[in-house]
Amino acid sequence: MMLRACAREHDIAEAVRSGRWPLGCEPELRAHVDACRQCRETALLTTAFQQARTDSGAAPLPHPGLLWWRAQLRRRNAAMERVSRPLASAHVFALALNLVAIAAIFAWQARHGAQWMAWWTGVQRQVAGLDWLAWIHGASLLAMLVLGTLALLGGVAVWLAADR
């Protein structure tokens, strides 16, 4: 076993890498390879590795600018996703709140039956007779309807905003 490298070993490896081996190099280098076991093995291994690299079909790397651009795009998309998570949670919360308000209005209407417009005639009579407690009851009913309408419109606005 030889511990030191041959002085021509680097020349052999360079000739194989540049594609000059065996026909394009000097005859004295070929004669040296025939005589030196270490250079013969270097030529054989370097040729085998170069052939394996060629046969592997490794795709060439894309341009570094393209890699940088893709990384920036990926980072920007991840940041947008992180930012939109709380916004999506707020939309879900607003939608749930509106659904609860609508359910409360329907439950209130179911309890009062089909007489939900009868309050208007009662309001007119109470205003004329100045029965303020009954009028406040009628006004609270009107306020409930207005708030229900606002809740419904708010839900539609949230849905439209989330759609864009």
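Reader: Which residue meets Arg 17 in a salt bridge?
Author: This is a predicted model, in which local features need pLDDT of at least 70, side-chain atom pairs count only at pLDDT 80 or more, and totals for chains, interfaces and linings use all residues. Residues are numbered from 1 along each chain as its sequence is written, and side-chain values use heavy atoms, leaving out hydrogens and water. A salt bridge is a side-chain nitrogen of Lys or Arg within 4 Å of a carboxyl oxygen of Asp or Glu. With N to O at 3.4 Å, the partner of Arg 17 is Glu 14.

Reader: How are Arg 17 and Glu 14 placed in their helix, and how many residues apart are they?
Author: Helices are DSSP runs (H or I, at least four residues), numbered from the N terminus. Arg 17 and Glu 14 sit in helix α1, residues 9–18. They are separated by about one helical turn because their spacing in the helix is three residues.

Reader: Is Glu 14 buried, partly exposed or exposed?
Author: Buried means under 20% relative accessible area, exposed over 50%, and partly exposed in between (1.4 Å probe, protein chains only). Arg 17, at 48%, counts as partly exposed. Glu 14 has 36% relative accessibility, so the class is partly exposed.

Reader: Happy with that one! What about Arg 37: which residue forms a salt bridge with it?
Author: Look in helix α3, residues 37–55, four residues from Arg 37, about one turn of the helix. The closest N and O atoms are 3.4 Å apart, and the partner is Glu 41.

Reader: How far apart in space are Glu 41 and Glu 9, C-alpha to C-alpha?
Author: Glu 41 lies in helix α3. In sequence, Glu 41 and Glu 9 are 32 residues apart. In space, their C-alpha atoms are separated by 9.5 Å.

Reader: And how far apart are the closest N and O atoms of Arg 85 and Glu 81?
Author: Both residues belong to helix α4 (residues 64–112) and are four residues apart, about one turn of the helix. Arg 85 is partly exposed at 49%, and Glu 81 is partly exposed at 45%. The closest N and O atoms of this salt bridge are apart by 3.1 Å.

Reader: How many salt bridges does the rule give?
Author: The pairs described above include Arg 85 with Glu 81. By the rule, the count comes to four.

Reader: Which residues does Asn 98 touch?
Author: Asn 98 lies in helix α4 and is buried, with 13% relative accessible area. Contact means heavy atoms within 4.5 Å. Not counting residues up to four places away in sequence, Asn 98 touches Ala 151, Gly 154 and Gly 155.

Reader: Which residues is Cys 25 in contact with, leaving aside neighbours within four places in sequence?
Author: Cys 25 is one of the residues of that core. With those neighbours set aside, Cys 25 is in contact with Arg 20 and Arg 30.

Conventions: Helices (H or I, at least four residues) and strands (E, at least two) are DSSP runs, numbered from the N terminus. A nonpolar core is a set of buried Ala, Val, Leu, Ile, Met, Phe, Trp, Tyr and Cys residues joined through side-chain atoms within 4.5 Å.
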